[in-house]
Structures are given as C-alpha cells and as structure tokens.
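I opened the model to look up its helices, its core and its confidence. My notes follow.

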Amino acid sequence: MPDGSKKMDGQQRVELTPDFPGEGQLEFVAKLAYQHWEGRGMPLGSPEVDWFAAERALYESLVASGLVSPSASNQQDVQQEIYH
C-alpha cells in the first residue's frame, strides 16, 4: 500500500513489498516482528507479542488489499490465512 494509510488503531499499514524475490510469508513476518520489537523499545521477553502483532498486521493488509477475505476471528484463523 503505497499511500501509507493508517489503520483504525493508529498503526501504519504493512507495505506488502518483499525485500527480495521469493521472500516467503515466514521471512516477511519475522522481519515485521523485528520492526514491532524495535518500535516497542526492544524490551526483553515476550517475543510472541511482536510475532502475533506482525501476523495480525500482515493479515489486515492482505484483507485491505483484497487478497484474502476478512474471515479470521482468532489467531489460529489469521495464521491459516497467512501461511496457506
């Protein structure tokens, strides 16, 4: 999303452009989770907070772009949509 639009919670939407050809969803989520962690001040512990936030942000961007339907109601559904 090149327009840099903001989500309802004030966070910036995820740019769906990979860093390299063939970058998979797992690598993309890992990179995004790292960015979330940096944005939170790089605290110790709770890496799953950043991982789940990254998955949710990617899912919301996929929904906004029309690539997936807004059907996920929990974290397991989000993971199903992203990785399959």
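I take helices (H or I, at least four residues) as DSSP runs, numbered from the N terminus. I take the expected span of a helix as 1.5 Å times one less than its number of residues.

Ground rules first. This is a predicted model, in which local features need pLDDT of at least 70, side-chain atom pairs count only at pLDDT 80 or more, and totals for chains, interfaces and linings use all residues. Residues are numbered from 1 along each chain as its sequence is written, and side-chain values use heavy atoms, with hydrogens and water left out.

Entry: H2. I found 19 residues in helix H2, residues 47–65. From first C-alpha to last, H2 reaches 27 Å, close to the 27 Å expected. Just after H2, I noted a positive phi of about 85 degrees at Gly-66.

Entry: burial. I called a residue buried under 20% relative accessible area (1.4 Å probe, protein chains only). In H2 the buried residues include Asp-50, Glu-55 and Ser-61. What do the buried residues of H2 pack against? I found helix H1 (25–39) and helix H3 (75–83).

Entry: core. A nonpolar core is a set of buried Ala, Val, Leu, Ile, Met, Phe, Trp, Tyr and Cys residues joined through side-chain atoms within 4.5 Å. The largest one has 12 residues, among them Phe-28, Leu-58 and Ile-82. H1, H2 and H3 each supply at least two of its residues. H2 gives the largest share, 5 residues.

Entry: confidence. pLDDT is the predictor's confidence in each residue, from 0 to 100. I read a chain average of 79, with 77% of the residues at 70 or above.

Terms used:
Buried means under 20% relative accessible area, exposed over 50%, partly exposed in between (1.4 Å probe, protein chains only). Contact means heavy atoms within 4.5 Å.
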